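Open the model in your viewer and follow the stops below in order. Each stop says what to select and what is there.

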Amino acid sequence: STTGNKSVEITKGINGLEKIILRQTHGSSVEVYLYGAHVTSWKNDQGEELIFVSRKAIFSPPKPIRGGIPVIFPQFSNLGSLQSHGFARNRLWTIDDNPPPVTSEVPNAVFVDLLLKPTEEDLKIWPHRFEFRLRVTLSRGGDLLLTSCIRNTDADGKPFTFTFAHHTYFSVSNISEVEVIGMKNLDYLDNLKNRTRFTEHTDAITIDSEFDRIYLSTPKKLLLLDHEKRRRFVIRKDGLPDAVVWNPWEARAKTIVDFGEEEYKYMVCVEAAAIGKPVTLKPGEEWNGRLQLSTRH
Ligand SMILES: O=P(O)(O)OC[C@H]1O[C@H](O)[C@H](O)[C@@H](O)[C@@H]1O
């Protein structure tokens, strides 16, 4: 563990793509690429990586980065006419050098505000003017917060509707050691069964084959346990009622070009999302989503 000053550094990442590194006094850090506003690293005070990125990830637009925390907007998966998972994850975002002030909620935090606005090209595929502000915050204690503010800036008076997810790829010791807690008695749509609706009966979800479910109206707090690492991820969320749990397992992993054959063992996606009830914004309205990730041994 190291101590130093908290800092925000803008630097070049893989293939010269710009990234921002947030560092906290006790050693924790976060890295986020402007490409996709994509978090690719989150380390605790001990310097341990908590986020999975594939060793075959392609850092080359327009390919989305495999792993990390893709921002899924304005469309989750194929639930609409856009490309799968929308376009926010493969656009270049900008840094807001003059962000609105921090709320006192997270004292001594370090943060960066990233902005996405549609280009004329974007407006051809999704004809809605918006501003998306993503604030990436690293708290003094090493929590990672993603706060989203999406505003309808359309002067024509048209509302728009979107679905959304923070598609977090957590790094785990081994998928066989993992439990996801908090879904008991909730309904889910099984993506492997044409999104048929089922009810979850277990409190501790374990994964031993391909798994791809959208849990609906989940609690604001979920847990991801990694028994071997004796690690507990606490997932707190607001405005993001749903939770997608995904692991491609062996056979599907082989069909994903930017994903290693064995890597399904070392990751699980638990995604904080708004899918079941899409969000509609009238002109001038804004939507706020919040995800806070913490870890404890
Ligand atoms: O390969 P991608 O487009 O990044 O999608 C990766 C995965 O995202 C979500 O978890 C979906 O529920 C899965 O069905 C999908 O396979």
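**Stop 1: around the ligand**

The shell of residues around the ligand divides into four nonpolar, four polar and one charged. The model is a predicted one. To see the shell, select Pro 64, Ser 77, Ser 84, His 85, Asn 191, Asp 212, Val 244, Trp 246 and Cys 269, the residues around the ligand.

**Stop 2**

Strands of a sheet pair through backbone hydrogen bonds, and the pairing is either parallel or antiparallel. Select β1, β2, β3 and β4: they form an open sheet in the order β1-β2-β3-β4, with antiparallel pairing. Its edge strands are β1 (7-12) and β4 (38-43), and each of these pairs on one side only. From one strand to the next, the twist averages 20 degrees.

Now select residues 18-23, which are strand β2, and residues 29-33, which are strand β3. These two strands run antiparallel and are joined by five bridges. Which residue in β3 does Ile 21 stand opposite? Select Ile 21 and look across to β3: Glu 31 is there.

**Stop 3: the sheet of nine strands**

Move on to the open sheet of nine strands, whose order is β6-β7-β8-β9-β21-β18-β17-β12-β15. The pairing here is antiparallel. Select 94-95 for edge strand β6 and 204-205 for edge strand β15; each pairs on one side only.

Within this sheet, select β8 (residues 130-138) and β9 (residues 144-152). How many bridges join β8 to β9? There are nine, and the two strands run antiparallel. End the tour at Thr 137, which stands opposite Leu 145 in β9.

Technical notes:
Residues numbered from 1 in each chain as written. Predicted model: local features only at pLDDT ≥ 70, side-chain atom pairs only at ≥ 80, totals over all residues. Near = placed C-beta within 6 Å. Nonpolar A, V, L, I, M, F, W, Y, C, P; charged D, E, K, R; others polar. Pairing = 2+ DSSP bridges. Helix = DSSP H or I, 4+ residues; strand = E, 2+ residues; numbered from the N terminus. Axes fitted to C-alpha atoms, helices over the stretch in contact; angles between N-to-C directions.
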